[in-house]
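Work through the exercises below with the sequence and the model at hand. Each task is followed by a stepwise solution.

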Amino acid sequence: MKLVRKDLEKDNAGQVTLIPEEPEDMWHTYNLLQVGDSLRASTIRKVQTESATGSVGSNRIRTTLTLCVEAIDFDSQACQLRVKGTNIQENEYVKMGAYHTIELEPNRQFTLAKKQWDSVVLERIEQACDPAWNADVAAVVMQEGLAHVCLVTPSMTLTRAKVEVNIPRKRKGNCSQHDRALERFYEQVVQAIQRHINFEVVKCVLVASPGFVREQFCDYMFQQAVKTDNKLLLENRSKFLQVHSSSGHKYALKEALCDPAVTSRLSDTKAAGEVKALDDFYKMLQHEPDRAFYGLKHVEKANEAMAIDTLLISDELFRHQDVATRARYVKLVDSVRENMGTVRIFSSLHVSGEQLGQLTGVAAILRFPVAELSDQEDESSSEED
Amino acid sequence: MNSLSLSPTLVSKKLNYLIRDALVIAEENGHANTPQKGLLTEDTSVASRVLEAVSKSTLSPQVLQVSEEPNTVPTPVKKPSKTKPQIDVKAELEKRQGGKQLLNLVVIGHVDAGKSTLMGHLLYLLGNVNKRTMHKYEQESKKAGKASFAYAWVLDETGEERERGVTMDVGMTKFETKTKVITLMDAPGHKDFIPNMITGAAQADVAILVVDASRGEFEAGFETGGQTREHGLLVRSLGVTQLAVAVNKMDQVNWQQERFQEITSKLGQFLKQAGFKESDVAYIPTSGLGGENLVTRCQSSDLTQWYKGKCLLEQIDSFKPPQRSVDKAFRLCVADVFKDQGSGFCVTGKIEAGYIQVGERLLAMPPNETCTAKGISLHDEPVDWAAAGDHVSLTLTGMDIIKINVGCVFCDPKEPIKVCTRFRARVLIFNIEVPITKGFPVLLHYQTVSEPATIRRLLSVLHKSTGEVTKKKPKFLTKGQNALIELQTQRPVALELYKDFKELGRFMLRYSGSTIAAGVVTEIKE
């Protein structure tokens with residue numbers, strides 16, 4: 001993402017102009033937008049024209065519109081962002097107050113104005129514009145009969161393909177069905193890799209599986225590549241990295257990402273950092289349960305005591321459309337930072353973020369033990385969930 | 001009423017009458033039918049067809065108990081030529097039980113303890129593997145530089161398994177002892193293949209735990225990180241109560257009594273904690289490679305001077321067959337799906353409850369589709385019926401193979417199994433490294449299914465022995481705790497409550513390659 005302009009007033013109102021460049025930038029933009037903001041971008045509108053004779057024709061016209069945002073829709077598979085709203089700047093084609101849906105396009109700039117730019121959104125912009133964050137990793141998590149082909153970007157894990165093949169078990173005196181099905185399965189995974197992984201962008205492909213599946217698969221893939229003279233695979237052979245995972249389900253990607261062999265190769269990926277932070281939280285919960293809190297009420301209480309060392313929070317919470325609720329989370333983040341704590345904002349599109357999302361979305365590792373809330377308060381907070 | 005037995009036409013007349021007044025007839029039948037069984041063997045096709053209609057029409061609530069009576073009257077024991085037979089499975093089962101009993105046995109233990117070799121050698125000594133095949137395996141394994149793996153090749157059949165010398169999937173075969181027919185499942189010992197081992201163990205009644213007696217190896221398998229403990233806990237949680245421990249590779253320690261005792265005392269303590277009764281655990285010193293103390297008692301004086309007990313085969317023979325739920329509705333969990341010659345496709349699995357006959361309609365869950373069982377085979381031989389406990393392969397028609405996955409449950413269309421994505425369960429937390437909180441992603445292993453799930457809620461911590469609630473809504477769960485939790489699966493799974501079907505109410509939870517909890521289903525939500 002490129003930041004073209006940033007005009008902020010003293011009261012934190014103002015506007016920024018950005019140019020999204022990659023699919024991931026759409027995700028960032030999705031996280032910036034809120035209902036009530038105004039968005040100005042170039043778009044295509046179907047306009048009805050009536051000629052002097054009264055015949056009606058319709059034209060598609062490219063025009064720049066400014067909308068007051070009413071609904072935001074993000075398609076994580078295609079990385080497309082659609083923003084619906086009413087027009088607040090009349091032009092020759094579109095009347096004031098008319099509804100329109102803008103689909104943001106890469107490499108076309110847009111301007112976003114907010115009444116209130118808070119620290120979380122500003123940090124997001126900074127992060128999105130930092131080119132160092134771009135480290136694309138692809139991962140194939142597999143077990144016999146099941147494979148997920150994923151793309152791991154700093155803030156997203158996208159499942160590109162899921163291959164599921166029924167593999168008959170070995171039976172007394174009959175293994176051929178098993179072997180044939182296995183070969184078919186590998187073939188499908190290779191196809192999925194070729195179709196979904198762009199080797200120009202991707203620096204590293206993790207092949208993770210339990211047992212010997214990964215070895216067998218890599219052998220198969222490169223044998224086939226040699227046979228069919230597939231240059232694409234052969235040239236990128238060095239990018240493939242085999243790691244262990246306990247299963248072929250998507251969440252096992254987490255294990256692959258914290259493998260030391262992987263972390264050394266990908267010096268800085270946010271995904272691996274998040275996995276580690278969550279692990280630390282669980283470790284703390286194991287050893288000193290009074291120093292690991294989760295749930296908004298509990299964490300806020302810990303924050304009051306200025307006890308938070310690391311705050312883990314899911315970005316899902318900042319997409320909350322209710323302004324007051326959102327402000328509560330922002331306040332929490334700001335106050336932790338003020339107290340010299342570190343804040344880690346998890347992407348809800350990562351596996352670890354998904355898990356944190358299930359765990360109320362907010363957790364904290366404390367500097368010193370804080371006694372747990374009494375039971376009555378406990379009741380009230382859990383009813384809220 | 002005696003005429004009923006003699007002429008089939010009369011029977012059908014009587015049966016028409018029966019429709020009119022089912023209650024009275026049923027009472028009469030009550031004393032009339034018992035001596036007649038077996039006489040009605042020929043040409044009862046008309047009668048049985050009428051009877052089907054009768055039994056349907058008389059199935060009103062007040063006559064429910066008695067309506068079963070006329071149903072059993074003309075049930076022919078032999079197979080009539082034209083119509084689909086209605087076999088009295090219970091009587092047949094008793095007859096079969098008079099012969100050899102069926103028993104499902106799983107072999108478990110740490111990787112390289114010698115499970116496959118032990119069982120392969122046992123099969124060879126029993127004559128289930130002919131000499132020529134064995135000779136071939138010996139030659140080939142020698143050529144591959146793995147001469148000691150020859151017996152394991154009996155069970156490890158895929159190229160990959162032989163090449164690596166590691167069992168990867170459950171190997172299944174059968175053999176016979178003096179009083180029993182054993183379905184043998186040879187589970188993989190490697191850590192990464194525990195999901196496969198669970199599917200095998202879920203179908204087992206009894207287990208053999210193989211441990212390596214040689215110095216250092218037993219310890220490696222027994223200490224944390226080894227599979228001896230995990231396997232032991234798993235089979236116990238999956239409902240296996242009888243266990244034989246084969247202390248293998250005893251020849252490598254010169255059949256020392258001290259070593260045997262050291263191992264048995266260590267293991268005994270652990271198994272007792274795991275919940276095995278001391279009387280249900282037997283220890284047998286063996287040598288899988290040498291074939292000592294497998295089918296015949298060992299002659300070697302090193303052993304006989306201190307060991308007077310059974311050999312492995314005798315021990316297997318003395319296992320008590322468990323109670324089977326034949327009276328309950330039919331349930332079969334699919335362990336494997338494949339295409340065979342001819343029409344339709346095959347599924348294999350163990351019948352957990354009820355019985356089935358050729359030609360019956362079945363309902364598959366979760367896809368919720370019906371199909372017909374065209375053929376049943378037990379140990380590769382076609383049979384007309386099968387009952388709970390049998391490890392069968394069904395040939396099905398009337399359904400597309402893609403709809404059926406491993407883990408589907410076939411059941412009686414009248415009493416379908418419940419399907420849900422959210423359920424509550426009582427779990428026992430194992431020795432875990434990280435505490436369990438809500439939102440924890442786990443793999444749910446239920447029978448033959450492995451399905452990703454998340455822990456939705458931690459409801460309460462229970463007292464270990466009394467089951468009382470000690471803490472409501474805990475923040476997290478740690479090792480050894482007993483708790484009520486709510487689980488959510490990604491896709492629907494077919495489940496039964498533990499109180500209804502013991503065999504089908506158990507499950508395991510695994511997380512990043514280790515088993516974190518065992519549980520039973522207490523409530524199905526939706």
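Asn368(B) sits in the loop between E11 and E12 of chain B, where strands (E, at least two residues) and helices (H or I, at least four) are DSSP runs numbered from the N terminus. The model is predicted: local features need pLDDT of at least 70, side-chain atom pairs count only at pLDDT 80 or more, and totals for chains, interfaces and linings use all residues. Residues are numbered from 1 along each chain as its sequence is written, chains are lettered from A and ligands numbered from 1 in the order in which they are written, and side-chain values use heavy atoms, with hydrogens and water left out.

**Exercise 1. Characterise the contact of chain B with chain A.**

Step 1. Count the residues: 51 come from chain B and 42 from chain A, contact meaning heavy atoms within 4.5 Å.

Step 2. Take the area. The two chains bury about 4,100 Å² between them, 51% of it on carbon and sulfur atoms; buried area is the accessible area (1.4 Å probe) that two parts lose on being put together, summed over both.

Step 3. List the charged pairs. There are three salt bridges between the chains, each a side-chain nitrogen of Lys or Arg within 4 Å of a carboxyl oxygen of Asp or Glu. One of them joins Arg164(B) to Glu215(A), with the closest N and O atoms 3.2 Å apart.

Step 4. Assign the chain B side to elements. Those that each supply at least two residues include helix H9 (159-164), helix H10 (194-202) and strand E19 (449-462).

Step 5. Sort the residues on that side: 22 are nonpolar, 13 polar and 16 charged. Here Ala, Val, Leu, Ile, Met, Phe, Trp, Tyr, Cys and Pro count as nonpolar, Asp, Glu, Lys and Arg as charged, and the others, Gly among them, as polar.

**Exercise 2. Which spans do the UniProt domain annotations cover?**

Step 1. In chain B, the UniProt annotation "domain: Tr-type G" (unreviewed entry) covers residues 100-324. The end C-alpha atoms of this span lie 15 Å apart, and the span is 37% helix and 18% strand.

Step 2. In chain A, UniProt places "domain: eRF1/Pelota-like N-terminal" (unreviewed entry) at residues 1-130. That span is 16% helix and 49% strand, with its end C-alpha atoms 8 Å apart.

**Exercise 3. State the confidence of the model.**

Step 1. The scores are ipTM 0.75 and pTM 0.76.

Step 2. Mean pLDDT, the predictor's confidence in each residue from 0 to 100, is 84 for chain A, where 94% of residues reach 70 or more. Chain B averages 80, and 83% of its residues score at least 70.

Step 3. In chain B, residues 17-84 stay under 50, with 66 contacts beyond four places in sequence.

Conventions: UniProt positions are given in the numbering used here, feature names are shortened, and annotations may be inferred rather than shown by experiment.
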